[in-house]
Amino acid sequence: MLKLGGEMFGGGGVGVDPDVVQTVSRQIAAVVRTGVQVAVVIGGGNFFRGAELQQRGMDRSRADYMGMLGTVMNCLALQDFLEREHGIETRVQTAITMGQVAESYIPRRAMRHLEKGRVVIFGGGAGMPYFSTDTTAAQRALEIGCEVVLMAKAVDGIYTADPKTDPDALMFDHITHREVLERGLNVADATAFSLCMDNNMPIMVFNLLTEGNIARAVRGEKIGTLVSTPGGRPSF
């Protein structure tokens, strides 16, 4: 399960940056051609973020639904580049019904698509307000039987502090789910880490912007930070 942040799709701005989507699609296509089954969850932060809109007085539920629609636009952009540029078959499934552009999320159907070598791209978040797309990635990964959640970021991994503001911040090669939660490390939604911890789902946090990193993560190379719980499922 590959989790992509919406902010990266916008290249730091509002909307979709075709150059970023091209880079991401090229990396995914390279992995799919090796026979690996790939599912993707994409955020919508390049369009709307419900929590931020709430701060400006908007109803949180309505703001979150706007964010969910933003994720679908990102899904369609990735679908287009994968199919048109790389000849990779895809299916977009959404948690909110929109039959003219995507299938509804059906776990068994998603698993069948993966078995046929298609990339399944999940949009619409969890279909409910107050849940992040990080949590959606964890839930979808568990339900369709993924081996690992690959959390692609704009940083190299999980650090002791924000490396952009603290030059002494150190990166972890490995850390447990519980340590991430206890230290309050601002990597992803705490609900996502709790869900993965309770179900022994490993998470790999790595830099998406380094060419070839998705393939390296899939091969289990020593990049980024591996989050796992001792005694859980074996490392992928």
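User: Where does Phe-131 lie?

Analyst: Helices and strands here are DSSP runs, numbered from the N terminus; a helix (H or I) has at least four residues and a strand (E) at least two. Phe-131 sits in the loop between S5 and H6. Please keep in mind that this is a predicted model: local features need pLDDT of at least 70, side-chain atom pairs count only at pLDDT 80 or more, and totals for chains, interfaces and linings use all residues. Residues are numbered from 1 along each chain as its sequence is written, and side-chain values use heavy atoms, with hydrogens and water left out.

User: Does Phe-131 count as buried, partly exposed or exposed?

Analyst: Buried means under 20% relative accessible area, exposed over 50%, and partly exposed in between, with a 1.4 Å probe and protein chains only. Phe-131 counts as partly exposed because its relative accessibility is 42%.

User: What is the phi of Tyr-130?

Analyst: Tyr-130 has a positive phi of about 75 degrees, although it is not a glycine. Tyr-130 belongs to the loop between strand S5 (119-123) and helix H6 (133-143). With 54% relative accessibility, Tyr-130 counts as exposed.

User: Which residues does Tyr-130 touch, leaving aside those up to four places away in sequence?

Analyst: Contact means heavy atoms within 4.5 Å. By that rule, Tyr-130 touches Arg-60, Ser-61 and Asp-64.

User: Where does UniProt place the feature "binding site"?

Analyst: UniProt positions are given in the numbering used here, feature names are shortened, and annotations may be inferred rather than shown by experiment. The unreviewed UniProt entry places "binding site" at ten positions listed there, including Asp-64, Tyr-130 and Phe-131. Those positions are spread over 90 residues of sequence, yet they cluster in space, with a largest C-alpha distance of 14.2 Å.

User: Which strands pair with S8?

Analyst: Two strands pair if DSSP finds at least two bridges between them. Strand S6 (residues 149-153) pairs with S8 in the parallel sense over five bridges, and Met-151 stands opposite Val-205 in S8. Strand S9 (residues 225-227) pairs with S8 in the antiparallel sense over three bridges; there, Leu-226 is the bridge partner of Met-204.

User: Why is S8 described as largely enclosed?

Analyst: Five of the five residues of S8 are buried, so the strand is largely enclosed by the rest of the structure. Ile-203, Val-205 and Asn-207 cover one side, while Met-204 and Phe-206 are on the other.

User: Where does Asn-200 lie?

Analyst: Asn-200 is in the loop between helix H8 (190-198) and strand S8 (203-207). Although not a glycine, Asn-200 has a positive phi of about 55 degrees.
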